[in-house]
Structures are given as C-alpha cells and as structure tokens.
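Subject: Structure handover

Hello,

Here is the structure for your files. My notes on what was found follow below.

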Amino acid sequence: MLVTMKVFYHNVLTQIQTTGSIAPSSRFLARAITQCVEKKPEPVSILEVGPGTGPFTRVLAQKLGEGDHLDLCELNGGFVNYLRQRLQRDPVLYAHREQISIYHQSIIEFGGENQYDYIVSGLPFNNFPPYLVQEILERYRILLKPGGLLSFFEYAMIRQIKGPFIWGNERLRIRSIDHIFKHYLRPYEIDRIFVTLNLPPAIVHVCRYK
Ligand SMILES: C[S@@+](CC[C@H](N)C(=O)[O-])C[C@H]1O[C@@H](n2cnc3c(N)ncnc32)[C@H](O)[C@@H]1O
C-alpha cells in the first residue's frame with residue numbers, strides 16, 4: 001500500500017496532466033467501474049486504459065475465467081514498470097499472469113478494431129483538450145465489438161464546480177468537454193453509478209455503442 005502510494009504520487013507530481021487525480025481510485029470505485037464486466041459462455045476480452053497503479057486491474061483479474069484476456073494500455077513508463085512488478089508479486093495478478101498483457105503506449109496509437117467486449121477507462125477526460133477526448137472516444141468505439149460496453153469515470157460535478165471560477169480558454173475547454181459528453185456519449189449511456197466513497201466522489205458512466 002505504501003509502495004503503491006509512493007509510485008502514484010511520484011508520477012502525479014511528474015505527469016499531472018495525464019494522471020489527473022489526487023489519489024488512486026478506491027475499492028468502491030473499482031467495484032463500480034468493473035460491475036458491467038460479466039462472464040459469457042464464450043471467452044471475453046477486456047481492455048483497461050490508464051490502469052495507473054492498478055486498482056481496477058486487480059478486480060478485473062479476479063473476474064477472468066478460462067480463455068478470457070485482459071489487455072492494459074498505459075502511457076506512463078513509471079506505472080508500466082510498477083504494473084510489471086505487481087504482476088509477479090501480487091498473488092491475484094500472478095494467478096492470471098498468462099491472461100494479462102501490458103502495453104506501454106497511448107490509447108491513440110493502440111491499433112485494432114472490433115476486438116473487445118469491454119473497455120474500462122481510467123483516463124482523466126476533464127484534463128484533456130476536447131479534440132483528444134473526441135479522438136479517444138472514437139478509438140474506443142472502433143476497438144469495441146458491436147454491442148460491447150465502455151465503462152469510465154469522472155469526478156462528480158467537476159465541470160459544474162470549476163465553471164464559475166474559470167475564464168477564457170479554460171472555460172471554453174470545459175464547455176466543449178461538457179458538450180461532447182452530452183451530445184456524443186449520452187445517447188449511448190445505459191447506466192450511471194454515483195460513488196461517494198472515493199477521493200473525490202466519482203460518477204461511473206456505462207455506455208453501449210451501437
Ligand atoms: C486518473 S489516473 C487513473 C489511474 C487508475 N486507473 C486509478 O483509477 O487510480 C489516469 C491514468 O491514465 C493514464 N493515461 C493518461 N493518458 C493516457 C493515454 N493517452 N493512453 C493510455 N494511458 C493514459 C495515466 O498515465 C494514468 O495512469
């Protein structure tokens with residue numbers, strides 16, 4: 001736990017824009033964001049984007065059945081090294097090490113199409129420029145199989161809280177992200193879970209792209 005915090009805060013301080021959080025996600029958020037991932041008669045393939053120190057990864061690993069696979073896509077080399085070590089040392093991850101692959105790259109460069117049943121995204125969309133949010137959401141759509149599920153989170157009311165205190169380009173950026181969420185994602189949203197026991201409280205969105 002102490003090592004996880006050390007790795008997390010070292011990387012938050014050096015990569016604040018892409019890490020975008022003040023603490024690793026709680027087990028309550030981990031449970032909520034992975035809730036939609038269910039076993040199927042056929043093998044299931046899962047992509048986790050932005051695993052960080054791995055709070056969601058551990059819960060996802062516990063859900064892996066025979067033939068299922070979990071791919072992790074992480075931009076930050078510090079987190080990638082930590083996850084590789086965790087795969088050897090954490091008994092839950094170690095038990096599924098043959099079913100888990102780690103990719104050190106940005107989701108933007110992550111190739112493939114129609115290959116995942118589930119995408120669990122830990123990316124801090126509210127920190128990104130709107131064009132990047134749009135590009136990543138489109139990448140997710142392409143990567144998911146038809147009917148596949150995307151589950152992601154954002155900190156509760158973050159855009160509404162920031163709104164009155166920001167001006168100029170930052171205000172425009174936040175408004176554009178709000179617009180993308182409302183107009184691009186909302187039609188696909190099938191579930192929303194409010195998680196109070198997280199720092200800060202968070203909302204999980206589950207979307208089914210058609
Ligand atoms: C908010 S942290 C979440 C970490 C972890 N899932 C959690 O909930 O504690 C965001 C993570 O996304 C990663 N990330 C940011 N941009 C990325 C990108 N374009 N592709 C892949 N990972 C990215 C960051 O390095 C960081 O690990």
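Beyond its neighbours within four places in sequence, Phe153 is in contact (heavy atoms within 4.5 Å) with Ser25, Leu29, Ile33, Phe56, Ser121, Gly122, Leu123, Ala202, Ile203 and Val204. This is a predicted model, in which local features need pLDDT of at least 70, side-chain atom pairs count only at pLDDT 80 or more, and totals for chains, interfaces and linings use all residues. Residues are numbered from 1 along each chain as its sequence is written, and side-chain values use heavy atoms, with hydrogens and water left out.

Phe153 is buried, at 8% relative accessibility; buried means under 20% relative accessible area, exposed over 50% and partly exposed in between (1.4 Å probe, protein chains only). The largest nonpolar core has 31 residues, of which Ile46, Ile100, Phe153 and Val204 touch the most other members. Such a core is a set of buried Ala, Val, Leu, Ile, Met, Phe, Trp, Tyr and Cys residues joined through side-chain atoms within 4.5 Å. Apart from it lies another core of 26 residues, including Cys73 and Ile180.

There are ten aromatic pairs in the structure. Rings of Phe, Tyr and Trp (its six-membered ring) pair if their centres lie within 6.5 Å; planes under 30 degrees apart are stacked, over 60 edge-to-face and the rest tilted. Tyr103 and Phe110 pair edge-to-face, at 5.3 Å centre to centre and 90 degrees between the planes. Tyr103 is partly exposed at 32%, whereas Phe110 is buried at 6%. Ring pairs also join Phe125, Phe128, Tyr140, Phe152 and Phe181 into a cluster.

Regards
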